[in-house]
Amino acid sequence: MRIETSPHLVLEVVGRELTDGIAVARPVHRRRQYLWGLPAMLLTALLVVPMVWTFGWALDANVPIVGNFRALFMDPAALRAAWHSLVWVAIALALIVFGYCVAVLSQHVGRLWRLLLYVLILPFGVSAVVSGAVFRLIFDPNPERGMVSAILGRGATWLGPDLIWWVLASAFAWSWLGFVVVLFRAGLDSAGGEKFRLGRLRLPKAGPVTAIVVLTVLVAAIRVFDLVLIAAPGSTQDDVVVVGLQWWRMTTRSADTGGPAALAVLLFAVVATLSVTGMRAMRASNRIDPAPVSIADRRVTRWSGPLVGSVGLVWFMPVVVLVMTAFHSPESAGTAGFWRFEGFGLGSFVEAGATWLWPAVAGSFLIAGLATALVLMAAVPFAYLLTWVVPRRVSRVVTGLLAILAVAPVQMYAGPLGAAIAELGFAGARAPLALVHAAAGLPFATLVLRTAFLAAPARNGRPALDLMWRLGPYRSTLIAAGVLEFLLVWNDFIVGFLISGQGASPVALLVWGEGRQFATAAGTVTAAAVVSALVPVTLLLVTWRRVVAGLTGGIEP
(Lines give C-alpha, C1' and ligand atoms only; values in the text may rest on other atoms or scores of the structure.)
Protein backbone atom coordinates (compact mmCIF):
# COMPACT_ATOMS: atom_id res chain seq x y z
CA MET A 1 0.00 0.00 0.00
CA ARG A 2 1.23 3.55 -0.55
CA ILE A 3 0.35 7.06 0.42
CA GLU A 4 0.23 9.75 -2.22
CA THR A 5 1.86 12.81 -0.64
CA SER A 6 1.66 16.47 -1.50
CA PRO A 7 4.38 19.06 -0.87
CA HIS A 8 2.53 20.28 2.22
CA LEU A 9 -0.02 17.82 3.58
CA VAL A 10 -0.80 14.17 3.17
CA LEU A 11 -4.44 13.89 2.30
CA GLU A 12 -4.56 11.24 -0.38
CA VAL A 13 -4.69 7.59 0.56
CA VAL A 14 -4.86 4.59 -1.75
CA GLY A 15 -5.61 1.28 -0.15
CA ARG A 16 -3.97 -0.81 -2.87
CA GLU A 17 -0.94 -0.81 -5.11
CA LEU A 18 -1.21 1.76 -7.84
CA THR A 19 -1.25 0.62 -11.44
CA ASP A 20 2.25 0.47 -12.91
CA GLY A 21 3.20 2.65 -15.78
CA ILE A 22 1.06 5.69 -15.04
CA ALA A 23 2.24 8.46 -17.29
CA VAL A 24 1.03 11.94 -18.00
CA ALA A 25 -1.03 11.92 -21.16
CA ARG A 26 0.00 14.15 -24.04
CA PRO A 27 -3.20 14.75 -26.02
CA VAL A 28 -3.15 16.90 -29.11
CA HIS A 29 -5.91 19.17 -27.84
CA ARG A 30 -4.51 19.75 -24.35
CA ARG A 31 -5.52 23.42 -24.26
CA ARG A 32 -9.10 22.45 -24.91
CA GLN A 33 -8.94 19.92 -22.10
CA TYR A 34 -7.76 22.62 -19.69
CA LEU A 35 -11.19 24.23 -20.06
CA TRP A 36 -12.60 21.27 -18.10
CA GLY A 37 -10.96 22.72 -15.03
CA LEU A 38 -12.58 26.15 -15.39
CA PRO A 39 -15.54 25.48 -13.01
CA ALA A 40 -13.14 24.22 -10.35
CA MET A 41 -10.87 27.23 -10.77
CA LEU A 42 -13.80 29.62 -10.39
CA LEU A 43 -14.96 27.87 -7.22
CA THR A 44 -11.41 27.86 -5.88
CA ALA A 45 -11.16 31.59 -6.51
CA LEU A 46 -14.25 32.02 -4.35
CA LEU A 47 -12.12 30.83 -1.43
CA VAL A 48 -8.69 32.14 -2.36
CA VAL A 49 -9.69 35.76 -3.00
CA PRO A 50 -11.37 36.32 0.41
CA MET A 51 -8.52 34.45 2.12
CA VAL A 52 -6.01 36.84 0.55
CA TRP A 53 -8.29 39.68 1.65
CA THR A 54 -8.22 38.35 5.21
CA PHE A 55 -4.42 38.31 5.13
CA GLY A 56 -4.56 41.92 4.00
CA TRP A 57 -6.81 42.88 6.89
CA ALA A 58 -4.47 41.14 9.32
CA LEU A 59 -1.56 43.17 7.93
CA ASP A 60 -3.47 46.47 8.08
CA ALA A 61 -1.33 49.31 6.77
CA ASN A 62 -2.66 51.64 9.47
CA VAL A 63 -0.95 49.66 12.24
CA PRO A 64 2.59 48.26 12.52
CA ILE A 65 3.27 45.25 10.32
CA VAL A 66 2.63 42.78 13.16
CA GLY A 67 0.52 45.08 15.31
CA ASN A 68 -2.66 43.03 15.09
CA PHE A 69 -0.82 39.83 15.94
CA ARG A 70 1.00 41.47 18.87
CA ALA A 71 -2.33 42.70 20.22
CA LEU A 72 -3.68 39.16 20.18
CA PHE A 73 -0.81 37.87 22.30
CA MET A 74 -1.54 40.62 24.82
CA ASP A 75 -5.30 39.93 24.88
CA PRO A 76 -6.25 37.61 27.81
CA ALA A 77 -9.47 36.53 26.08
CA ALA A 78 -7.62 35.50 22.90
CA LEU A 79 -4.97 33.64 24.88
CA ARG A 80 -7.64 31.81 26.86
CA ALA A 81 -9.38 30.82 23.61
CA ALA A 82 -6.07 29.57 22.18
CA TRP A 83 -5.44 27.46 25.28
CA HIS A 84 -8.92 25.94 25.07
CA SER A 85 -8.33 25.08 21.40
CA LEU A 86 -5.21 23.18 22.46
CA VAL A 87 -7.32 21.32 24.99
CA TRP A 88 -9.51 20.24 22.10
CA VAL A 89 -6.43 18.89 20.33
CA ALA A 90 -5.72 16.73 23.40
CA ILE A 91 -9.34 15.53 23.39
CA ALA A 92 -9.04 14.60 19.70
CA LEU A 93 -5.80 12.66 20.28
CA ALA A 94 -7.37 10.78 23.19
CA LEU A 95 -10.38 9.95 21.01
CA ILE A 96 -8.12 8.64 18.22
CA VAL A 97 -6.28 6.36 20.66
CA PHE A 98 -9.54 5.12 22.18
CA GLY A 99 -11.07 4.54 18.74
CA TYR A 100 -7.99 2.57 17.66
CA CYS A 101 -8.30 0.36 20.76
CA VAL A 102 -12.00 -0.28 20.09
CA ALA A 103 -11.19 -1.15 16.46
CA VAL A 104 -8.54 -3.66 17.57
CA LEU A 105 -10.93 -5.26 20.06
CA SER A 106 -13.72 -5.36 17.48
CA GLN A 107 -11.70 -7.86 15.43
CA HIS A 108 -12.50 -10.48 18.07
CA VAL A 109 -16.27 -10.01 18.48
CA GLY A 110 -17.51 -11.89 15.40
CA ARG A 111 -21.00 -11.01 14.20
CA LEU A 112 -21.41 -8.38 16.93
CA TRP A 113 -19.24 -6.09 14.78
CA ARG A 114 -21.97 -5.68 12.16
CA LEU A 115 -24.39 -4.35 14.73
CA LEU A 116 -21.74 -2.25 16.44
CA LEU A 117 -20.75 -0.66 13.13
CA TYR A 118 -24.18 0.87 12.61
CA VAL A 119 -24.59 1.89 16.24
CA LEU A 120 -21.27 3.75 16.24
CA ILE A 121 -21.58 5.34 12.82
CA LEU A 122 -25.13 6.62 13.36
CA PRO A 123 -24.05 9.71 15.38
CA PHE A 124 -21.65 10.71 12.59
CA GLY A 125 -24.69 11.64 10.52
CA VAL A 126 -26.01 13.94 13.25
CA SER A 127 -25.04 17.61 13.30
CA ALA A 128 -22.94 19.09 16.10
CA VAL A 129 -25.91 21.29 17.00
CA VAL A 130 -28.08 18.22 17.58
CA SER A 131 -25.26 16.49 19.47
CA GLY A 132 -24.89 19.48 21.76
CA ALA A 133 -28.62 19.61 22.42
CA VAL A 134 -28.75 15.90 23.29
CA PHE A 135 -25.91 16.13 25.77
CA ARG A 136 -27.43 19.17 27.43
CA LEU A 137 -30.43 16.96 28.10
CA ILE A 138 -28.34 14.04 29.34
CA PHE A 139 -26.34 16.22 31.74
CA ASP A 140 -29.17 18.48 32.86
CA PRO A 141 -28.42 19.21 36.53
CA ASN A 142 -32.08 18.70 37.51
CA PRO A 143 -32.63 15.01 38.47
CA GLU A 144 -36.19 15.35 37.18
CA ARG A 145 -34.87 15.93 33.65
CA GLY A 146 -31.23 14.90 33.38
CA MET A 147 -30.43 11.20 32.99
CA VAL A 148 -26.99 11.35 34.63
CA SER A 149 -28.26 13.41 37.56
CA ALA A 150 -31.18 10.99 38.00
CA ILE A 151 -28.84 7.98 38.03
CA LEU A 152 -26.59 9.64 40.60
CA GLY A 153 -29.61 10.67 42.65
CA ARG A 154 -28.48 14.24 42.98
CA GLY A 155 -28.04 17.31 40.85
CA ALA A 156 -24.49 18.12 39.85
CA THR A 157 -23.51 21.32 38.04
CA TRP A 158 -22.56 19.47 34.87
CA LEU A 159 -23.09 22.61 32.79
CA GLY A 160 -21.06 24.75 35.17
CA PRO A 161 -17.43 25.82 34.70
CA ASP A 162 -15.96 22.82 36.56
CA LEU A 163 -17.68 20.01 34.62
CA ILE A 164 -18.72 21.51 31.28
CA TRP A 165 -15.58 20.14 29.58
CA TRP A 166 -16.79 16.59 30.29
CA VAL A 167 -20.08 17.36 28.58
CA LEU A 168 -18.40 18.87 25.52
CA ALA A 169 -15.82 16.08 25.22
CA SER A 170 -18.57 13.45 25.53
CA ALA A 171 -20.63 15.09 22.78
CA PHE A 172 -17.61 15.36 20.47
CA ALA A 173 -16.62 11.73 21.11
CA TRP A 174 -20.18 10.56 20.47
CA SER A 175 -20.17 12.24 17.07
CA TRP A 176 -16.70 11.14 15.91
CA LEU A 177 -15.91 7.77 17.49
CA GLY A 178 -17.78 5.82 14.81
CA PHE A 179 -15.79 7.47 12.04
CA VAL A 180 -12.52 6.65 13.84
CA VAL A 181 -13.40 3.05 14.69
CA VAL A 182 -14.81 2.07 11.30
CA LEU A 183 -11.90 3.49 9.32
CA PHE A 184 -9.35 1.98 11.69
CA ARG A 185 -11.12 -1.37 11.46
CA ALA A 186 -11.02 -1.24 7.66
CA GLY A 187 -7.31 -0.46 7.81
CA LEU A 188 -6.64 -3.28 10.28
CA ASP A 189 -8.48 -5.77 8.11
CA SER A 190 -6.46 -4.76 5.07
CA ALA A 191 -3.09 -4.93 6.86
CA GLY A 192 -3.28 -8.70 7.30
CA GLY A 193 -1.92 -8.84 10.84
CA GLU A 194 1.09 -6.59 10.23
CA LYS A 195 2.45 -4.72 13.24
CA PHE A 196 4.26 -1.44 13.83
CA ARG A 197 6.51 -0.49 16.69
CA LEU A 198 5.67 2.33 19.08
CA GLY A 199 8.53 2.38 21.52
CA ARG A 200 8.60 -1.11 23.05
CA LEU A 201 5.04 -1.88 22.01
CA ARG A 202 4.04 -3.90 18.97
CA LEU A 203 0.62 -2.81 17.79
CA PRO A 204 -1.58 -3.92 14.88
CA LYS A 205 -1.02 -1.72 11.88
CA ALA A 206 -3.99 0.22 10.50
CA GLY A 207 -2.16 1.35 7.37
CA PRO A 208 -2.74 4.50 5.33
CA VAL A 209 -6.24 5.11 6.72
CA THR A 210 -4.45 6.44 9.80
CA ALA A 211 -3.71 9.55 7.75
CA ILE A 212 -7.40 10.17 7.09
CA VAL A 213 -8.36 9.61 10.72
CA VAL A 214 -5.64 11.79 12.25
CA LEU A 215 -6.14 14.69 9.86
CA THR A 216 -9.93 14.69 9.93
CA VAL A 217 -10.37 14.45 13.70
CA LEU A 218 -7.60 16.93 14.55
CA VAL A 219 -8.94 19.51 12.13
CA ALA A 220 -12.51 18.96 13.40
CA ALA A 221 -11.33 19.51 16.98
CA ILE A 222 -9.36 22.69 16.32
CA ARG A 223 -12.25 24.11 14.28
CA VAL A 224 -14.98 23.27 16.81
CA PHE A 225 -17.55 26.06 17.08
CA ASP A 226 -21.23 25.13 17.01
CA LEU A 227 -20.92 22.41 19.65
CA VAL A 228 -19.64 24.93 22.20
CA LEU A 229 -22.23 27.49 21.17
CA ILE A 230 -25.23 25.25 21.88
CA ALA A 231 -24.00 22.81 24.55
CA ALA A 232 -22.48 25.38 26.88
CA PRO A 233 -24.93 27.82 28.51
CA GLY A 234 -24.10 31.49 28.08
CA SER A 235 -22.93 31.77 31.68
CA THR A 236 -20.15 29.20 31.12
CA GLN A 237 -19.08 29.95 27.55
CA ASP A 238 -16.19 32.11 28.74
CA ASP A 239 -14.78 29.01 30.44
CA VAL A 240 -14.78 26.99 27.19
CA VAL A 241 -14.43 29.66 24.50
CA VAL A 242 -12.29 28.53 21.57
CA VAL A 243 -10.48 30.45 18.84
CA GLY A 244 -13.35 30.17 16.36
CA LEU A 245 -15.89 31.39 18.88
CA GLN A 246 -13.60 34.21 20.00
CA TRP A 247 -13.31 35.31 16.35
CA TRP A 248 -17.10 35.56 16.13
CA ARG A 249 -17.26 37.58 19.34
CA MET A 250 -14.63 39.99 18.05
CA THR A 251 -16.51 40.54 14.79
CA THR A 252 -19.82 41.21 16.54
CA ARG A 253 -18.48 43.50 19.26
CA SER A 254 -16.33 45.77 17.13
CA ALA A 255 -16.11 47.12 13.59
CA ASP A 256 -12.36 46.43 13.57
CA THR A 257 -11.33 43.88 10.94
CA GLY A 258 -7.62 43.62 11.73
CA GLY A 259 -7.90 41.75 15.03
CA PRO A 260 -10.35 39.05 13.88
CA ALA A 261 -8.37 38.64 10.65
CA ALA A 262 -5.14 38.11 12.58
CA LEU A 263 -6.88 35.53 14.78
CA ALA A 264 -8.19 33.72 11.69
CA VAL A 265 -4.69 33.63 10.19
CA LEU A 266 -3.26 32.16 13.40
CA LEU A 267 -6.02 29.54 13.50
CA PHE A 268 -5.23 28.65 9.90
CA ALA A 269 -1.53 28.33 10.71
CA VAL A 270 -2.25 26.07 13.70
CA VAL A 271 -4.51 23.78 11.65
CA ALA A 272 -1.91 23.42 8.89
CA THR A 273 0.92 22.83 11.36
CA LEU A 274 -1.04 20.19 13.25
CA SER A 275 -1.83 18.41 10.02
CA VAL A 276 1.80 18.35 8.84
CA THR A 277 3.14 17.32 12.26
CA GLY A 278 0.57 14.57 12.70
CA MET A 279 1.24 13.06 9.28
CA ARG A 280 5.03 13.15 9.69
CA ALA A 281 4.77 11.49 13.09
CA MET A 282 2.49 8.81 11.65
CA ARG A 283 4.88 8.08 8.80
CA ALA A 284 7.91 8.03 11.11
CA SER A 285 6.31 5.41 13.37
CA ASN A 286 5.07 3.28 10.49
CA ARG A 287 7.79 0.62 10.85
CA ILE A 288 6.42 -2.81 10.06
CA ASP A 289 7.06 -5.83 12.27
CA PRO A 290 5.25 -8.82 10.74
CA ALA A 291 5.40 -10.80 13.97
CA PRO A 292 2.52 -13.14 14.83
CA VAL A 293 -0.13 -12.18 17.32
CA SER A 294 1.21 -12.56 20.84
CA ILE A 295 -0.26 -14.44 23.83
CA ALA A 296 -1.32 -11.09 25.30
CA ASP A 297 -3.56 -10.62 22.27
CA ARG A 298 -5.36 -13.89 23.03
CA ARG A 299 -5.95 -12.85 26.63
CA VAL A 300 -7.50 -9.62 25.42
CA THR A 301 -9.81 -11.58 23.13
CA ARG A 302 -11.69 -12.96 26.12
CA TRP A 303 -12.81 -9.48 27.16
CA SER A 304 -13.36 -8.03 23.70
CA GLY A 305 -17.06 -8.91 23.48
CA PRO A 306 -18.14 -7.37 26.81
CA LEU A 307 -15.96 -4.28 26.35
CA VAL A 308 -17.04 -3.55 22.80
CA GLY A 309 -20.67 -4.34 23.62
CA SER A 310 -20.58 -1.87 26.51
CA VAL A 311 -19.29 0.83 24.18
CA GLY A 312 -22.14 0.11 21.79
CA LEU A 313 -24.78 0.37 24.54
CA VAL A 314 -23.35 3.64 25.86
CA TRP A 315 -23.24 5.10 22.34
CA PHE A 316 -26.85 4.14 21.65
CA MET A 317 -28.24 5.84 24.78
CA PRO A 318 -28.10 9.43 23.41
CA VAL A 319 -30.23 8.27 20.49
CA VAL A 320 -32.83 6.95 22.96
CA VAL A 321 -32.73 10.21 24.91
CA LEU A 322 -33.20 12.29 21.75
CA VAL A 323 -36.08 10.27 20.31
CA MET A 324 -37.95 9.76 23.59
CA THR A 325 -37.72 13.46 24.50
CA ALA A 326 -39.04 14.40 21.06
CA PHE A 327 -42.13 12.24 21.64
CA HIS A 328 -43.20 14.35 24.61
CA SER A 329 -45.29 17.48 24.54
CA PRO A 330 -43.38 20.78 24.72
CA GLU A 331 -44.55 21.28 28.30
CA SER A 332 -43.58 17.83 29.63
CA ALA A 333 -40.26 17.73 27.72
CA GLY A 334 -39.14 20.83 29.57
CA THR A 335 -40.14 19.64 33.03
CA ALA A 336 -39.75 15.84 33.15
CA GLY A 337 -37.21 13.27 32.04
CA PHE A 338 -37.57 11.26 28.85
CA TRP A 339 -38.30 8.11 30.88
CA ARG A 340 -41.62 9.48 32.14
CA PHE A 341 -44.78 8.88 30.11
CA GLU A 342 -46.66 12.03 31.12
CA GLY A 343 -47.31 14.10 28.00
CA PHE A 344 -46.16 11.33 25.66
CA GLY A 345 -47.29 12.01 22.09
CA LEU A 346 -46.63 14.03 18.95
CA GLY A 347 -47.20 17.49 20.40
CA SER A 348 -43.64 18.71 19.91
CA PHE A 349 -43.56 17.54 16.28
CA VAL A 350 -46.87 19.27 15.59
CA GLU A 351 -45.75 22.55 17.16
CA ALA A 352 -42.38 22.60 15.36
CA GLY A 353 -43.96 21.59 12.05
CA ALA A 354 -46.64 24.27 12.27
CA THR A 355 -44.09 27.08 12.36
CA TRP A 356 -40.57 26.73 10.96
CA LEU A 357 -39.52 23.07 10.63
CA TRP A 358 -40.67 22.06 7.16
CA PRO A 359 -39.51 25.22 5.32
CA ALA A 360 -36.13 24.77 7.01
CA VAL A 361 -35.92 21.12 5.90
CA ALA A 362 -36.80 22.13 2.34
CA GLY A 363 -34.13 24.84 2.46
CA SER A 364 -31.52 22.35 3.66
CA PHE A 365 -32.47 19.97 0.84
CA LEU A 366 -32.03 22.73 -1.72
CA ILE A 367 -28.71 23.99 -0.36
CA ALA A 368 -27.17 20.54 0.21
CA GLY A 369 -28.36 19.13 -3.11
CA LEU A 370 -27.16 22.11 -5.12
CA ALA A 371 -23.78 22.23 -3.36
CA THR A 372 -23.21 18.49 -3.87
CA ALA A 373 -24.07 18.69 -7.56
CA LEU A 374 -21.72 21.64 -8.07
CA VAL A 375 -18.88 19.89 -6.24
CA LEU A 376 -19.11 16.69 -8.27
CA MET A 377 -19.50 18.52 -11.58
CA ALA A 378 -16.36 20.55 -10.88
CA ALA A 379 -14.24 18.00 -8.98
CA VAL A 380 -14.44 15.05 -11.40
CA PRO A 381 -12.94 16.81 -14.45
CA PHE A 382 -10.49 18.72 -12.24
CA ALA A 383 -9.22 15.51 -10.64
CA TYR A 384 -8.85 13.96 -14.09
CA LEU A 385 -6.81 16.93 -15.30
CA LEU A 386 -4.50 16.84 -12.29
CA THR A 387 -3.88 13.13 -12.78
CA TRP A 388 -3.62 12.60 -16.53
CA VAL A 389 -3.23 15.93 -18.34
CA VAL A 390 -1.39 18.52 -16.26
CA PRO A 391 2.42 18.10 -16.03
CA ARG A 392 3.42 16.24 -12.88
CA ARG A 393 5.26 19.16 -11.31
CA VAL A 394 2.30 21.50 -11.79
CA SER A 395 -0.03 18.81 -10.50
CA ARG A 396 1.97 18.50 -7.27
CA VAL A 397 1.84 22.25 -6.66
CA VAL A 398 -1.90 22.44 -7.28
CA THR A 399 -2.50 19.38 -5.12
CA GLY A 400 -0.56 21.00 -2.29
CA LEU A 401 -2.68 24.14 -2.56
CA LEU A 402 -5.86 22.05 -2.51
CA ALA A 403 -4.62 20.24 0.59
CA ILE A 404 -4.16 23.59 2.35
CA LEU A 405 -7.59 24.82 1.26
CA ALA A 406 -9.19 21.57 2.44
CA VAL A 407 -8.27 22.31 6.07
CA ALA A 408 -8.78 26.08 5.96
CA PRO A 409 -11.11 27.28 8.75
CA VAL A 410 -14.26 29.12 7.75
CA GLN A 411 -13.01 32.23 9.57
CA MET A 412 -10.34 32.68 6.89
CA TYR A 413 -12.93 33.62 4.27
CA ALA A 414 -16.14 34.32 6.20
CA GLY A 415 -15.47 38.02 6.83
CA PRO A 416 -14.86 39.22 3.27
CA LEU A 417 -17.40 36.83 1.77
CA GLY A 418 -20.11 37.78 4.23
CA ALA A 419 -19.49 41.47 3.60
CA ALA A 420 -19.56 40.98 -0.19
CA ILE A 421 -22.78 38.93 -0.08
CA ALA A 422 -24.48 41.54 2.11
CA GLU A 423 -23.26 44.37 -0.14
CA LEU A 424 -24.74 42.63 -3.19
CA GLY A 425 -28.07 42.21 -1.41
CA PHE A 426 -27.89 38.41 -1.21
CA ALA A 427 -27.80 38.09 2.59
CA GLY A 428 -30.04 35.19 3.57
CA ALA A 429 -30.31 33.87 0.00
CA ARG A 430 -29.82 30.14 -0.47
CA ALA A 431 -28.05 30.00 -3.84
CA PRO A 432 -24.98 32.02 -2.72
CA LEU A 433 -24.76 29.88 0.42
CA ALA A 434 -24.78 26.71 -1.70
CA LEU A 435 -22.04 28.21 -3.88
CA VAL A 436 -19.86 28.90 -0.82
CA HIS A 437 -20.43 25.35 0.41
CA ALA A 438 -19.41 24.00 -2.98
CA ALA A 439 -16.23 26.08 -2.96
CA ALA A 440 -15.38 24.85 0.55
CA GLY A 441 -16.02 21.19 -0.32
CA LEU A 442 -14.25 21.16 -3.69
CA PRO A 443 -10.63 20.70 -2.44
CA PHE A 444 -11.35 17.57 -0.40
CA ALA A 445 -13.57 16.04 -3.09
CA THR A 446 -10.88 16.66 -5.72
CA LEU A 447 -8.20 14.99 -3.60
CA VAL A 448 -10.41 11.95 -2.98
CA LEU A 449 -11.33 11.61 -6.66
CA ARG A 450 -7.73 12.13 -7.77
CA THR A 451 -6.80 9.10 -5.69
CA ALA A 452 -9.24 7.04 -7.74
CA PHE A 453 -7.81 8.35 -11.02
CA LEU A 454 -4.27 7.57 -9.82
CA ALA A 455 -5.26 3.96 -9.27
CA ALA A 456 -7.18 3.72 -12.56
CA PRO A 457 -6.12 1.06 -15.08
CA ALA A 458 -4.23 2.57 -18.01
CA ARG A 459 -4.61 1.85 -21.72
CA ASN A 460 -2.04 3.32 -24.12
CA GLY A 461 -0.89 5.88 -21.57
CA ARG A 462 -4.42 7.07 -20.84
CA PRO A 463 -7.00 5.97 -18.25
CA ALA A 464 -9.41 3.24 -19.26
CA LEU A 465 -12.46 5.15 -18.08
CA ASP A 466 -14.93 2.49 -19.17
CA LEU A 467 -13.11 -0.19 -17.18
CA MET A 468 -12.58 2.21 -14.30
CA TRP A 469 -16.31 2.86 -13.97
CA ARG A 470 -17.16 -0.85 -14.04
CA LEU A 471 -14.83 -1.57 -11.12
CA GLY A 472 -16.56 -1.06 -7.77
CA PRO A 473 -13.87 0.95 -5.89
CA TYR A 474 -14.02 3.84 -8.35
CA ARG A 475 -17.79 4.13 -8.13
CA SER A 476 -17.35 4.01 -4.36
CA THR A 477 -15.00 6.98 -4.49
CA LEU A 478 -17.57 9.06 -6.36
CA ILE A 479 -20.26 8.00 -3.88
CA ALA A 480 -17.99 8.85 -0.94
CA ALA A 481 -17.28 12.34 -2.26
CA GLY A 482 -20.95 13.04 -2.90
CA VAL A 483 -22.30 11.59 0.36
CA LEU A 484 -19.75 13.37 2.55
CA GLU A 485 -20.40 16.70 0.83
CA PHE A 486 -24.16 16.31 1.25
CA LEU A 487 -23.78 15.38 4.93
CA LEU A 488 -21.41 18.25 5.70
CA VAL A 489 -23.68 20.81 4.04
CA TRP A 490 -26.90 19.42 5.51
CA ASN A 491 -25.46 19.44 9.04
CA ASP A 492 -23.62 22.73 8.61
CA PHE A 493 -24.07 25.49 11.09
CA ILE A 494 -20.93 27.60 10.99
CA VAL A 495 -20.83 28.49 7.27
CA GLY A 496 -24.46 29.57 7.19
CA PHE A 497 -24.20 31.30 10.55
CA LEU A 498 -21.06 33.31 9.79
CA ILE A 499 -21.67 34.09 6.12
CA SER A 500 -25.38 34.12 5.35
CA GLY A 501 -27.12 34.44 8.71
CA GLN A 502 -30.41 32.86 9.76
CA GLY A 503 -32.22 34.25 6.73
CA ALA A 504 -31.04 31.28 4.67
CA SER A 505 -32.84 29.10 7.29
CA PRO A 506 -31.07 25.75 6.99
CA VAL A 507 -32.42 23.48 9.68
CA ALA A 508 -29.29 23.44 11.89
CA LEU A 509 -29.42 27.23 12.24
CA LEU A 510 -33.05 27.20 13.32
CA VAL A 511 -32.49 24.35 15.77
CA TRP A 512 -29.80 26.49 17.38
CA GLY A 513 -32.13 29.48 17.43
CA GLU A 514 -34.78 27.47 19.26
CA GLY A 515 -32.16 25.97 21.56
CA ARG A 516 -31.23 29.35 23.01
CA GLN A 517 -34.39 28.99 25.13
CA PHE A 518 -33.52 25.40 25.90
CA ALA A 519 -35.41 25.08 29.18
CA THR A 520 -38.73 25.89 27.53
CA ALA A 521 -38.06 24.59 24.01
CA ALA A 522 -36.55 21.14 24.71
CA GLY A 523 -39.51 19.38 23.08
CA THR A 524 -39.56 21.33 19.82
CA VAL A 525 -35.75 21.33 19.62
CA THR A 526 -35.52 17.55 19.94
CA ALA A 527 -38.45 17.01 17.58
CA ALA A 528 -36.79 19.19 14.96
CA ALA A 529 -33.47 17.44 15.64
CA VAL A 530 -35.04 14.02 15.01
CA VAL A 531 -36.59 15.16 11.73
CA SER A 532 -33.42 16.90 10.58
CA ALA A 533 -31.29 13.84 11.42
CA LEU A 534 -33.47 11.37 9.51
CA VAL A 535 -32.18 12.38 6.09
CA PRO A 536 -28.40 12.36 6.73
CA VAL A 537 -28.53 9.33 9.05
CA THR A 538 -30.54 7.29 6.56
CA LEU A 539 -28.23 8.29 3.71
CA LEU A 540 -25.18 7.43 5.81
CA LEU A 541 -26.44 4.03 6.96
CA VAL A 542 -27.41 3.05 3.41
CA THR A 543 -24.12 4.10 1.80
CA TRP A 544 -21.59 3.78 4.60
CA ARG A 545 -19.85 0.67 3.27
CA ARG A 546 -19.36 2.41 -0.08
CA VAL A 547 -18.17 5.58 1.66
CA VAL A 548 -15.49 3.67 3.58
CA ALA A 549 -14.46 1.83 0.43
CA GLY A 550 -14.20 5.12 -1.43
CA LEU A 551 -12.01 6.68 1.26
CA THR A 552 -9.73 3.66 1.67
CA GLY A 553 -9.27 2.54 -1.91
CA GLY A 554 -11.75 -0.32 -1.91
CA ILE A 555 -11.53 -1.62 1.67
CA GLU A 556 -15.06 -2.27 2.93
CA PRO A 557 -15.84 -2.51 6.67
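**Aromatic contacts and helix geometry in the predicted model**

The charged end of Arg 185 lies over the ring of Trp 113, at 4.7 Å from its centre; the criterion is NZ of Lys or CZ of Arg within 6 Å of the ring centre and within 35 degrees of the ring normal. The model is predicted, with local features requiring pLDDT of at least 70 and side-chain atom pairs pLDDT 80 or more, while totals for chains, interfaces and linings use all residues. Residues are numbered from 1 along each chain as its sequence is written, and side-chain values use heavy atoms, without hydrogens and water.

Across the whole structure, 24 aromatic pairs were found (rings of Phe, Tyr and Trp, the last by its six-membered ring, with centres within 6.5 Å; planes under 30 degrees apart are stacked, over 60 edge-to-face, the rest tilted). The rings of Trp 88 and Trp 165 are tilted, with centres 5.8 Å apart and planes at 55°. Trp 88 belongs to helix α4 (residues 76–106) and Trp 165 to helix α8 (residues 164–191), so the pair ties together parts 77 residues apart in sequence. Helices are DSSP runs (H or I, at least four residues) numbered from the N terminus. Trp 88 and Trp 165 are both buried (under 20% relative accessible area, 1.4 Å probe, protein chains only). One aromatic cluster includes Trp 88, Phe 124, Trp 165 and Trp 544.

Ser 364, in helix α16 (residues 357–389), is buried, with a relative accessible area of 3%. Beyond neighbours within four places in sequence, Ser 364 contacts Gly 369, Trp 490, Pro 506 and Val 507 (heavy atoms within 4.5 Å).

In helix α19 (residues 430–454), 20 of the 25 residues are buried, so α19 is largely enclosed by the rest of the structure.

Notes. Buried < 20%, exposed > 50% of the residue type's maximum accessible area, 1.4 Å probe, protein only. Helix = DSSP H or I, 4+ residues; strand = E, 2+ residues; numbered from the N terminus.
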